[in-house]
Amino acid sequence: MTATHCERLADDALLLSFGADSPPVDPDTNARVHRAAARIRAARLPWLRDLVPAYATLAVFFDPDAIDAEAARQPLAALIDDDTTPDEHATPGRCIEIPVVYGGAFGEDLDAAAAELGLTPDALIARHSAALYTVAMIGFAPGFPYLSGLDPALALPRLATPRTRVPAGSVGIGGAQTGLYPRESPGGWRLLGRTPLRLFDPTRETPSLLAPGDRVRFRPIAADDFARSETWA
Amino acid sequence: MILLQVLAPGASTTVQDRGREGWRHLGVARGGALDPVQAALANRMVGNPADAAVLEITLRGPTLAFDAPLRIALCGARIDAAFIAADGTRHPVPCDRPVALPAGTLALGMIRRGLRAWLAIDGGIAVAPVLGSRSTDLRGGFGGLDGRALRAGDRVPVGDSAPPQVGPVPEAPGWWIALDPEPSDATRVRYVPSDHALALPLSRGAWRVDPRSDRQGLRCTGTPLACPPQDLLSAPVAPGTIQLPPDGRPIVLLADAQTVGGYPRLGHVIAADLHRLAQARAGDALRFEAVDAAAATKARLRRSAEVARLEWAIDLMSPEADIPCA
């Protein structure tokens with residue numbers, strides 16, 4: 001399996017495409033992106049400045065004074081082509097459990113969303129929290145995870161009028177994606193609940209709770225436990 | 001440690017250095033001075049390392065008061081600058097050279113041609129680094145001075161350094177050194193086109209800079225490029241990426257832009273020309289010129305060589321004695 005396309009993204013970056021650039025998201029393609037990123041990182045190339053995995057693409061930022069784009073393509077191609085079947089190189093990866101208080105003041109759209117889907121609120125909570133999601137990519141804002149793996153039956157269109165303020169830690173559904181808002185911001189997703197965990201703290205050694213490629217599961221907790229929950233240390 | 005009292009913040013003044021590399025995979029932009037070369041030249045003039053933090057000034061500068069002498073330098077677009085002494089007298093402060101200021105007030109006014117200037121102070125702006133940089137991340141709300149632009153009443157720390165020996169009025173050398181001394185009102189930027197169908201038509205458009213432009217992106221007004229709606233997966237972008245949103249008016253992403261995007265990509269502005277976008281004012285004419293990757297590399301190396309010559313000149317001239325500013 002090889003990257004289908006390599007193009008210049010900037011004078012100091014290449015963009016590698018692993019699959020189709022339009023929806024739906026293909027989980028196998030995304031897994032290949034993360035495996036390739038892991039191999040490239042492990043190779044410790046001296047000119048590498050950053051690796052940005054996304055749904056079906058991988059950006060490689062390099063030091064243009066140390067190497068030019070043409071010379072960088074070869075070692076990258078070799079690392080990408082070295083993809084063996086998923087079973088053989090199955091990295092356990094991390095599974096991060098995220099406690100969430102669903103509904104009420106913590107998830108203002110839960111009841112309406114459930115009604116729209118023809119479910120009881122409890123059923124919506126059960127189905128949303130039953131799934132194992134993958135951090136397909138992080139972007140839009142520091143620590144903002146794009147999670148793939150949402151049950152297609154739970155897809156919900158964004159709000160016609162976005163909220164001007166979505167509280168930090170809010171868990172929502174936007175279209176066919178689910179995700180979390182690391183920081184208070186405007187937003188149009190349907191809010192199901194909120195986590196007390198800090199998704200992004202730039203003063204920590206590992207600033208982001210989640211990394212691209214991580215697995216994520218939501219664990220419902222009681223509203224009383226919101227304040228008592230261990231904030232991510 | 002010296003504290004600068006912000007009496008007036010200016011239109012948009014932020015602490016910037018060279019930015020934070022290596023965090024884009026977590027959604028953190030590189031940020032940093034929109035023209036890191038000008039910031040580095042200003043730093044060199046005052047004897048700072050190239051990556052010391054500076055104040056990036058947009059359109060109208062701040063008024064800063066300080067109770068100890070300072071060595072400063074202003075590079076980039078020419079900015080009206082005056083020193084107000086304790087007795088109330090005003091003295092002009094020149095750009096493009098180190099200036100020794102006695103204790104007093106530095107009043108930075110309008111930039112009339114171009115848009116941005118960088119103020120370096122001997123010792124550097126001494127805010128705490130976050131994720132390896134002192135640059136301000138406005139989206140994340142961290143870095144620089146509390147992750148935001150300067151406000152009246154702020155106190156900005158400056159690192160320790162030997163105070164300049166200076167009399168009652170500002171003193172500066174007779175020489176000045178400037179890269180890009182004459183910003184024009186018609187900006188031409190070279191770009192490497194992508195293989196999108198509208199990548200080359202971009203160069204035929206007569207664009208103007210939209211007033212909604214900022215450190216995240218330069219937006220264009222003009223005859224929209226008609227693009228059939230495309231539903232694309234979000235993919236990584238970079239400073240210089242030229243996006244085509246549904247309204248058909250291109251956006252060139254700059255240092256503070258989001259790290260991923262879902263709009264079609266028409267190509268990227270070459271690194272050697274990004275600084276021109278830092279000086280493009282609302283309403284300015286803007287043209288895109290398609291070039292290939294080899295031309296981009298050549299331009300980058302040529303600019304590096306120009307910068308190296310100016311750095312050498314600064315080092316050569318620096319020991320010359322200061323004279324009082326007129």
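Predicted model: local features only at pLDDT ≥ 70, side-chain atom pairs only at ≥ 80, totals over all residues.

Visitor: What span should helix H3 of chain B have, and how far apart are its end C-alpha atoms?

Guide: Helix H3 of chain B covers residues 293–317, which makes 25 residues.

Visitor: Which elements do the buried residues of H3(B) pack against?

Guide: The buried residues of H3(B) include B:Ala296, B:Ala299, B:Arg300, B:Arg303, B:Val307, B:Leu310 and B:Ile314. An α-helix has 3.6 residues a turn, so residues three or four places apart point the same way. The partners of these buried residues lie in both chains: from chain B they are helix H1 (36–46), strand S13 (186–193) and helix H2 (274–278), and from chain A strand S1 (5–10).

Visitor: Is B:Arg116 buried or exposed, and which backbone oxygen does its side chain reach?

Guide: B:Arg116 belongs to strand S10 (residues 116–121) of chain B, and because its relative accessible area is 6%, under the 20% cut-off, it counts as buried. Among the residues that B:Arg116 touches are B:Glu56, B:Asp214, B:Leu277 and B:Ala278. At 2.9 Å, its side chain reaches the backbone oxygen of B:Ala278.

Visitor: How much area do chain B and chain A bury between them?

Guide: The contact draws 38 residues from chain B and 40 residues from chain A. On the side of chain B, B:Leu26, B:Leu233 and B:Pro236 lose the most area to chain A, together 21% of what that side buries. Of the area buried between the two chains, 61% is on carbon and sulfur atoms, and the amount is about 3200 Å².

Visitor: How many salt bridges cross the interface of chain B and chain A, and how far apart are the closest N and O atoms of B:Arg265 and A:Glu7?

Guide: Between chain B and chain A, twelve residue pairs are in polar contact. The number of salt bridges found across this interface is three. B:Arg265 forms a salt bridge with A:Glu7, and their closest N and O atoms are separated by 2.8 Å.

Visitor: Which element supplies the largest share of the side of chain B that touches chain A?

Guide: Strand S16 (235–236), strand S20 (265–269) and H3 of chain B each supply at least two residues of that side. By class, the side of chain B that touches chain A has 20 nonpolar, ten polar and eight charged residues. The largest share, three residues, comes from H3(B).

Key:
Residues numbered from 1 in each chain as written. Chains lettered and ligands numbered in written order. Heavy atoms only, no water. Helix = DSSP H or I, 4+ residues; strand = E, 2+ residues; numbered from the N terminus. Expected span 1.5 Å × (residues − 1). Buried < 20%, exposed > 50% of the residue type's maximum accessible area, 1.4 Å probe, protein only. Contact = heavy atoms within 4.5 Å. Polar contact = N/O pair within 3.5 Å; in protein donor to acceptor, adjacent residues only side chain to side chain. Buried area = accessible area lost by both parts, 1.4 Å probe. Salt bridge = Lys/Arg side-chain N within 4 Å of Asp/Glu carboxyl O. Nonpolar A, V, L, I, M, F, W, Y, C, P; charged D, E, K, R; others polar.
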